[in-house]
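The following exercises are intended for a reader who is meeting this structure for the first time. Please work through each task before reading its solution.

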Amino acid sequence: MEISKHKTFRNYDQSEDTAAVREHYRKMRSGQTFDYVQRMKAKYLKYDKPMVLWDAMEKLNELIDVSDPDLNLPNIQHLIQSAEALKSDNRPDWMQLVGLIHDLGKVMYLWGCDEDGTSQNEQWGLVGDIFVVGCKLPESCVYPEFNALNPDMSDPGFNTDYGIYEAHCGLDQLSLAWGHDEYLYQVLSHHSSNKIPKEGMIMIRYHSFYPWHNEGSYSHLESETDKLYKEWVLDFNKYDLYTKSPKTYDLEEIKPYYLPIAEKYLGSGPIYW
Ligand code: FE
Ligand code: FE
């Protein structure tokens, strides 16, 4: 994989779309409370809507991620670009598949609504960098000036370094801001023919957790295992970030290569969303 030396990513200051990205994060930081996250889990983790992988991929053709300052292409193009970069680096087949599907949790918009921030119009419960709910928001979040807008930050039960958590309890004990990472992770965890290795499942679950994997926040909540998890997520992050380019692909043209890999790790039946 070639990493461009000229283009910078995650630049939140210069893009013409900055106002929209900033507004997205204002809403996300204001709305993603501990209570909100528990409600969304109860509402969206039903596993009762069958849809095959390739139909889910097609549905992402209609979605442009408002939180991403680097890409104005339908999300499916980003997925294919990530997978193709993993493929050209000869990374394992399961990791290529993870590249292809890592953002597929965004299909939640199909049954989402504006009020929850899970729709095409309102994406603050769907996309964007995630953080822990139930304890203090770190300054390492993008637009940290919005942290104070979160109602939990004026709740003494939540606004301390540990909040409701124990020291070094481990990432899997934490509630994270609700979005496509946790949604896909839970859907695949409940998919009976899922054989994606643990590493891949961790890459899916935490790829948007930038304050943790990129900024070093939350080390006081990390377990020993999470240090290994971070290496996996950072390895994957290169392909999530640096492969963004204007080159576009046709799903039908890449499908013959990825279909056998998808069937190997996910079976051929529908996934229940
Ligand atoms: Fe993502
Ligand atoms: Fe992505």
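The model examined here is predicted.

**Exercise 1. The site of an iron ion**

Task: Identify the protein donors of the iron ion (ligand 2) and classify the site by its angles.

Solution: 
- Step 1. The protein donors are His 78 (NE2), His 102 (NE2), Asp 103 (OD) and Asp 240 (OD), at 2.2 to 2.4 Å from the iron ion (ligand 2).
- Step 2. Along the chain, these donors show the spacing H-x23-H-D-x136-D.
- Step 3. The angles among the four donor atoms run from 78 to 167°. A tetrahedral site would need all angles between 85 and 135 degrees. The site of the iron ion (ligand 2) is irregular.

**Exercise 2. The neighbouring ion**

Task: State which residue coordinates both the iron ion (ligand 2) and the iron ion (ligand 1), and determine whether that residue is buried or exposed.

Solution: 
- Step 1. The two ions are 3.5 Å apart, and Asp 103 coordinates both.
- Step 2. His 78 belongs to helix α4 (residues 75-88), whereas Asp 103 is found in the loop between α5 (93-101) and β2; the pair, 25 residues apart, links distant parts of the chain.
- Step 3. Buried means under 20% relative accessible area. Asp 103 has a relative accessible area of 3% and is therefore buried. His 78, at 2%, is buried as well.

**Exercise 3. Two crossing helices**

Task: Describe how helix α7 (residues 198-206) and helix α9 (residues 224-241) are arranged.

Solution: 
- Step 1. The helix axes come within 9 Å and cross at roughly 70°.
- Step 2. Angles of 65 to 115 degrees count as roughly perpendicular, so α7 and α9 are roughly perpendicular to each other.
- Step 3. The contact involves residues of α7 including Ile 202 and Tyr 206, and residues of α9 including Trp 232 and Phe 236.

How values were computed. Residues numbered from 1 in each chain as written. Chains lettered and ligands numbered in written order. Predicted model: local features only at pLDDT ≥ 70, side-chain atom pairs only at ≥ 80, totals over all residues. Heavy atoms only, no water. Donors = N, O, S within 2.8 Å, 3.2 Å for Na, K, Ca; no water. Tetrahedral: all angles 85-135°; square planar, octahedral: opposite > 155°, others 65-115°. Helix = DSSP H or I, 4+ residues; strand = E, 2+ residues; numbered from the N terminus. Buried < 20%, exposed > 50% of the residue type's maximum accessible area, 1.4 Å probe, protein only. Axes fitted to C-alpha atoms, helices over the stretch in contact; angles between N-to-C directions. Parallel < 35°, antiparallel > 145°, perpendicular 65-115°, else oblique. Contact = heavy atoms within 4.5 Å.
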